[in-house]
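Work through the exercises below with the sequence and the model at hand. Each task is followed by a solution in steps.

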Amino acid sequence: MKDLFLSVEGREVVITEALYVRCDGGDGSMGHPLEFMTLEKGGETMCKYCGRHYIHASAPTADKFKQPLDPAA
Ligand SMILES: [Zn+2]
């Protein structure tokens, strides 16, 4: 599965199967130094710079974000 980038109530949320994620905040005004984070299976973490939320795909909270999406999209 590819990472899913979502915007939930104004927050950026990334659903991923990776256990190591890195965030640079993306291009533009949200950019920041590269931050490496580890993700436990079924866990979640947040980037301390930009607040982007990373949720492992097996986390219960990931399901509610995945549901409205077409997995083929
Ligand atoms: Zn970030």
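**Exercise 1. Find the residue in β2 that stands opposite Leu 4, and describe the pairing around it.**

Step 1. The residue facing Leu 4 is Ile 15 in β2. Strands here are DSSP runs of E with at least two residues, and helices are runs of H or I with at least four, numbered from the N terminus.

Step 2. Strand β1 (residues 4-8) and β2 run antiparallel and are joined by five bridges. Two strands pair if DSSP finds at least two bridges between them.

Step 3. A hairpin is formed by β1 and β2, with two residues between them. Glu 9 is found in this loop, and its phi is near 50°, a positive value in a residue other than glycine. With a relative accessible area of 81%, Glu 9 is exposed. The classes are buried under 20% relative accessible area, exposed over 50% and partly exposed in between, computed with a 1.4 Å probe on protein chains only.

The model is predicted: local features need pLDDT of at least 70, side-chain atom pairs count only at pLDDT 80 or more, and totals for chains, interfaces and linings use all residues. Residues are numbered from 1 along each chain as its sequence is written, and side-chain values use heavy atoms, with hydrogens and water left out.

**Exercise 2. Give the strand order of the open sheet of four strands and name its edges.**

Step 1. The order is β1-β2-β6-β5, and the pairing is mixed.

Step 2. β1 and β5 are the edge strands, since each pairs on one side only.

Step 3. On average, neighbouring strands of the sheet are turned by 20° against each other, direction ignored. The axes are lines fitted to C-alpha atoms, for helices over the stretch in contact, and angles run from 0 to 180 degrees between N-to-C directions.

Step 4. β5 and β6 run antiparallel, joined by three bridges; Glu 44 stands opposite Ile 55 in β6.

**Exercise 3. Identify the protein donors of the zinc ion and their arrangement.**

Step 1. Cys 23 (SG), His 32 (NE2), Cys 47 (SG) and Cys 50 (SG) lie 2.1 to 2.3 Å from the zinc ion. Donors are N, O and S atoms within 2.8 Å of the metal (3.2 Å for Na, K and Ca); water is not among the atoms, so sites may look incomplete.

Step 2. Along the chain, the donors follow the spacing C-x8-H-x14-C-x2-C.

Step 3. His 32 is in the loop between β3 (20-23) and β4 (35-38), and Cys 47 in the loop between β5 and β6, so this pair ties together parts 15 residues apart in sequence.

Step 4. The angles subtended by the four donor atoms are 101 to 115°, so the arrangement is tetrahedral; for four donors, that label requires all angles between 85 and 135 degrees.

Step 5. His 32 is buried at a relative accessible area of 15%, and Cys 47 is buried at 1%.

**Exercise 4. Locate the one salt bridge of the structure and state whether its partners are buried or exposed.**

Step 1. The side chains of Glu 12 and Arg 52 form it, at 3.0 Å, N to O. A salt bridge is a side-chain nitrogen of Lys or Arg within 4 Å of a carboxyl oxygen of Asp or Glu.

Step 2. Glu 12 lies in strand β2 (residues 11-16) and Arg 52 in the loop between β5 (44-46) and β6 (53-56), 40 residues apart.

Step 3. Glu 12 is partly exposed at 32%, whereas Arg 52 is buried at 10%.

Note on methods. Four donors count as tetrahedral if all angles lie between 85 and 135 degrees; four count as square planar and six as octahedral if opposite donors are over 155 degrees apart and all others between 65 and 115; anything else is irregular.
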